[in-house]
Amino acid sequence: MDLYVMNCELLATCSALGYLEGDTYHKEPDCLESVKDLIRYLRHEDDTRDTRQQLGAGQILQNDLLPIITQHSQDKSLFDACIRLMVNLTQPALLCFGKVPDDPTVRHHFLEVVSYLQAYKEAFANEKVFGVLSETLYTLLQLDWEQRQEEDNLLIERILLLVRNVLHVPADPYEEKNVDDDASVHDKLLWAIHMSGLDDLIKFLASAQSEQQWSMHVLEVISLMFRDQTPELLVSAGQARSAQEKQRDAQELEALRQKEQAEKRSRTLQRGTRHSRFGGSYVVQGLKSIGEKDVIYHRGLHNFKNYTHDEGKAVRRVPKRKLHARDSEGKRRSALNVRLFLREFCMDFLENCYNRLMYLVKEGLIREQAQQHDETYYLWALSFFMAFNRGNGFRADLVSETMSIRAFHFIERNITNYYEMMLTDRKEPTWRMACTFLMHLALKAYQELLLTVNEMDRSRDEDIRQSANVIKSNIFYLMEYREIFLTLLRKFDETKQPRTFLRDLVESTHLFLRMLERFCKGRNNLVVQRKRVKRKKSKGRKNPTAAENTPEELEETWGALSEALTEGAVPFDAASETPLEEQRTEAMVRVQDTLLNRLGPEALGPPPPEPGMEEEDGELEEEEELESVRVSETEFNFLDFIKRFANPNVVRPYLLLLRSYSQNSPHTNHCITRMLHRLAVDLKMDALLFQLSVFCLFNKILGDPAATAYKELVTFAKFVLNRFFALAAKNNKAFVELLFWKSVGAAREMTEGYSKEGSNKKAKWTPEEEDELRTLYEEHRDSEVPDIVETLLPLLSNTTRTRRQVVAQLVAMGLVDSVKELKKQRKGTRIVLWTEEQEEELQMLFEEFRDSDDVLGNILKKVTAKRSRARMVEKLLSMGLVSDRRELHKKRRRNPNAPGKSPMDEDEEGEEEEEEEEDEEESEGEERERQAPAARGRKSWMAERESMVEKKASLRTMVYTLRQEGESRAFMFTVLNVLFSPSGLFQPVPIVPLTEENEDAMEKKSFQRLLRKIGVRAPADEQESFWRIPAQMRPSQLRGAAEVLSPSQDALAAGTEESEQPTPGSPIQEQQQGEADSHEQRTQALRALLLARKMKQPSTSAEHTGQEAHSAPAKRKRQRFDLDLFCIALFHVCALQRKGKAHLIHQQCEASIWTQFD
C-alpha cells in the first residue's frame, strides 16, 4: 500500500508518536495518547483491514514501537500500551479474516497482511527487543502472588501472546531460499530468545507450581519454537554419525549412482549411427490404427517402447474435487548453534517440566477450560518430546505422565472426532485441510505412543517391561484400539488426506501388527472384548395423506363415523399456554385429518401434548431402539484379525503409496511389502493383487535401473507374477480378471473355480419332506430340548439338509414366527448376565462339590450355562460362597493310612501341603484361570454321597479329639452367635468370643480346622478380626452340623427317627427342604429338646436320693454330653431361623432351653 494514500487522521496520529534520530528515539509529549488512538483505530477497522495495512506500510512497528519499548521501558504506562498495540498488530492474518478468502480482492488484502507480518518477524529478530521483554517478565515473576496486581498478570499474558504471535508468522518461501544449516529468520528469532534468557523463563513458567495458569500459553510458545525441527535432527546435533547412518547414506548414494549410469547407457543406445532424416518407417503388426490398417511408426525403434495412443492428445483437466491432497512443506535443517541450543532445551524440559506441564494441560482440556483445538498443542508436544526421549537414551520416568491408557483413549477419541469433522462440511476445502492436519497430528501422537511402548518392552528393567505388558494387554483387549488402523485404511481418501498421512498410517499399522503378533505368540489363548452394533429398522408410522374425495365418499364416511362420535367432547386445552384462536385453527385441521382417516373417536379428543421433554424422550427411545451395542468377550486369533485386511479398500492405499517407492524410505517400503506378504503368503490371497495397475507398477519396479536397492520389492513382485502365470495356465479367464479389483469371494473363485449357475438358489422341499418336518416339529416342540433344530436334523430322511435350510423352511411354513426363535445358543464367554435360576444352580452345585478335590472343575462340568473359569471364580466370590480364590484350587490327595500319624496330624500336614500348592497355583497368574478346565470323569451321586460320609467320619474324629481336650464350651458360644443373629441376613455373622476360654479355643489350629469343616469362614483380610458364619449357610447344613456333633449315632437316631432326613447336600434333601412344612420343623426342634431333658433327668434324681457322687471323669463326660445335646438343639433352632421361621418356636422353646441348661 502506498504511504501517500494513508488516512490523514491516522498519519497525524503516527506523526505524534515521536521520531528516530540515529539510534535514539525522541518521543512526543502526546506519545501515550497517540498509541491509545491507534488501538482505537484498529478496533474499528473494516473487513479489508485497512488500518492494519496502512500501519504495516508505514512500518510503525519497526520505526516507532520497537524503539519505544527498548529505550523508554521505564515508562510503565507507555510500555503497557505499546505491548497492547503490538499484540494486536502481530495477530495472525487467519484470525483477522476468519479464513483464507475465496474472493480475489479480499485474498489480495489477506496476502498483504501476511507480508507485513513477515516484516514484523524480521524486525523482532533482535536481542535488545527480547532482552527488554525478558527483563520485564523476570521482574514481574519475582513478585509474590500477594504483591502481584491485576495489571501485572495482564502484562505477563500480553508478553507471552506477543512472543507467540511473532513465532507463529509463516516463513516467506520466495525470500528465504536458504539451504540446510543456514540461518533463517526463524532461526535468528530463536537465537535472540536464547541470548536474552527468555527460554529459561519459559522453562520456569512450565515447572513453577504458582504459575500453572500460564501452562497453555507456555505450551503454545514451545510448539512454535520447534515448528521446523524434527526430533531425530535434534538428537544427532553435535554428535558423530553412527555406522548405521553412514551405511544408509552410502546405500542411497549407490542407488543414485546406479540410476545415473543406467540413464547414460540408455542415452547411448538411443543415438543411431545414421542421420536423423533416415530414421525410417515401420508397420506395427497387431496394433490397429484409427482405420482397419496397422499403425505406421515414423520414428526410430529405440523410441518405440515409449509409444502410446495418447500422444498428441490434449491433457484432460482434473477437477479440483478430484485433485490429490498436497503434502505440507518439508522440514529443513537449522543452523548448528540453534540446533544445539534447542537440544539442551529439550533435555532440560524433559527433566524438569514435561510431566507437570502435560498434566496441567490435559486437565484443562478435559475440563474444557481451553479454547477450540488447543488440544493440537498437547498432541504435538506428546509426539515430539516422546520421540526425542526415545532417541536420546530412553528413560520411561521422563514421559510417565503421557504413558498411560488414558492417553491412548484421549488420542483415539480425537482421531474419531477429527474424521467426523472432516466429513461434516465437504464444500469448504480450507476446513477439510485443517481437519486433515489435526487428524494427522493425532495419528502421529498415537504412533509415538506405540513406539514408546515397544521401547519399554525392550528395556532391561523388569518393572518397565511389566508396565509395558499391562498397557499392551489393555490396548489389545479393547476393540476400539484394535480396529482404529483398519478403519482409517478403509476410509482413506487421497483427495482429502496427503501422502504423508498415508505413510504414517502404514508405518503405524505395521508396528501395531508386529506388537500384536509378538504378544499373541507367548500366550495359548487371548481373550479380547468384542462389540456388536445391532441396528433395528425404525417402525415410525407415517400419517397417510388424505386423497381428494368426492362428496358422495365424504357423506359415506360421515355416516360411518357419526355414531362413534361422543357428545360433549371439547378439542381444546384450557390449561394450555397457547391462545384459544391458535388452538381453534389447529383443532380444525386435526379434526379434518382424523375424520378423513376414519379415526372418528380421536377427532374430538384432547389435543396432543405440546412438544417438549416428551418428544425428546421419544426420540431418545427411538434412537435406543434403532441402535444397541452388545459387549462380549471372545478368544482372539491373530490370523483371523489379519483376514480383515484382505479387502480391496485396504489394499488400494498400500498400492497408492507404493507408486512413489523411489521417494519412500526403505522402512516405508518394507512396511508395504510386509503387509502385502501377509495377504499373499500367510492368507494365500495373492489373487487380490491380480490387477492390471498392480502389474504395471511391478513392471516399473522390475525395469528400474536401481532395482538392486529394492531387493525386497523385486522378490515379492516376481513371486506374485509367477503365481499369476501359473494360474493363467489353468484358468483362461485370468487375463480378463486383471481388469477388476476383486473381493475375497471373487479371488477364491478365480483360484479354486467358479461356482455353477444357480448353485445359490433356494433349496426346494417336496410335499413329503414338508409333512415330515411338520410332524417332527410337532412331536419335539414341547420336549424342552435346548436346541430343537439340532434335534430335528438327524431325524430327517434327507441328511443333506443344513441348519439354515431347516430354519428357513420352518419360518416359511409358519411353524415359527421368526428366525430369532431358533437362534443357536452361544456358549462360553459371550454370556454376560446371570439369571436368578443360574445363581441358584451355581449355589447348589457348590454345596454339592464343596468337599471334593476339584470344586471348580466339577462345577464347570455340570453347570448348564457354560462360562470361562475366571468368570465362574468371580461369581463365586461375589456371591460370598468362598472368601478367597485359593479355596477353589484343586487339592492333592494323601494316603490316610500312613503309619505313625494321628488324624489331626494328617489334617495339619494336608493343610500345609494345600497352602503350598495354592501358592504355586496363584503365582501362575490369570492365564491359568482363562484356560478351559481339564476333562475329568463324571462322578455319580452315590460316589459323592460316599465322600460326604467320609467327611462326616473325619469330622467326628476331630470332634472327639477336641472333646477330650475340653473344648466343648467353644461349641456353645459358636452356636449362640448363630441363634441370636437376625433372620434373612445378607452378610456373614461374626462369631465374637465372650470369655477367655472362648478366645483360647479360637486361637487353636485344631478348633479352627473344625470350624472350617462345619462351614464357618475365616477372616477374609486384615480388616476382619472374627470368624463369620456365611449368609448363604442353609438350614440343611446346620442340621448336618448338629448331626455330626451328636454324642452317638444312637442318640441322633432316637431324636430323629421319625424325620429320616436324607444326606445333606443331596438332590433329594434339597427337594424335600423346599417342600417341608413349618410344623414339621418345629417338631424336630422340640424333639431335640425333649431328648436333652430325658438324658439329664437320671443324673438329677440320683443327686436328690443321696446316691454316691460321680467321679471327676464321669462328671466331665456328662457335662460334655449335655453341651452336645445343647448344640444339637440350638443347631435345629438355628436351622429354622435361617428359613425365617424362628418366630414359630420362640415362645415354646425359650423357657425350656434356659430351664434345662441354666
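When I say contact today, I mean heavy atoms within 4.5 Å. With that in hand: among contacts in this protein between residues at least 6 apart in sequence, 73% join residues at least 24 apart.

Quick housekeeping. This is a predicted model, where local features need pLDDT of at least 70, side-chain atom pairs count only at pLDDT 80 or more, and totals for chains, interfaces and linings use all residues. Residues are numbered from 1 along each chain as its sequence is written, and side-chain values use heavy atoms, with hydrogens and water left out.

So, the overview. We have 51 helices and eight strands; those are DSSP runs numbered from the N terminus, helices being H or I with at least four residues and strands E with at least two. Of the 1158 residues, 41% are buried, and that word means under 20% relative accessible area, with exposed being over 50% and partly exposed in between, using a 1.4 Å probe and protein chains only.

Let's start with the hairpin. Strand E1, residues 18–21, pairs with strand E2, residues 24–27, in the antiparallel sense, over four bridges; pairing takes at least two bridges found by DSSP. Across from Tyr-19 you'll find His-26 of E2. Two residues sit between the strands, and Gly-22 in this hairpin has a positive phi near 70°.

Now, how do H30 and H31 cross? Helix H30 is residues 692–702, helix H31 is 711–728, and their axes come within 10 Å, crossing at roughly 135°. Axes here are lines fitted to C-alpha atoms, for helices over the stretch in contact, with angles from 0 to 180 degrees between N-to-C directions. That makes the two helices oblique to each other, since under 35 degrees counts as roughly parallel, over 145 as roughly antiparallel, 65 to 115 as roughly perpendicular, and the rest as oblique. Who makes the contact? On H30 it's Phe-695, Phe-698, Ile-701 and Leu-702, while the H31 side includes Leu-713, Phe-716, Lys-718 and Phe-724.

Most residues other than glycine have a negative phi. Glu-368 is not a glycine, yet its phi is positive, about 60°. Look for Glu-368 in the loop between helix H16 (354–366) and helix H17 (375–391); it is exposed, at 71% relative accessible area. Then there's Lys-684, also not a glycine, with a positive phi of about 55°. Lys-684 sits in the loop between helix H29 (666–682) and H30, and is exposed too, at 65%.
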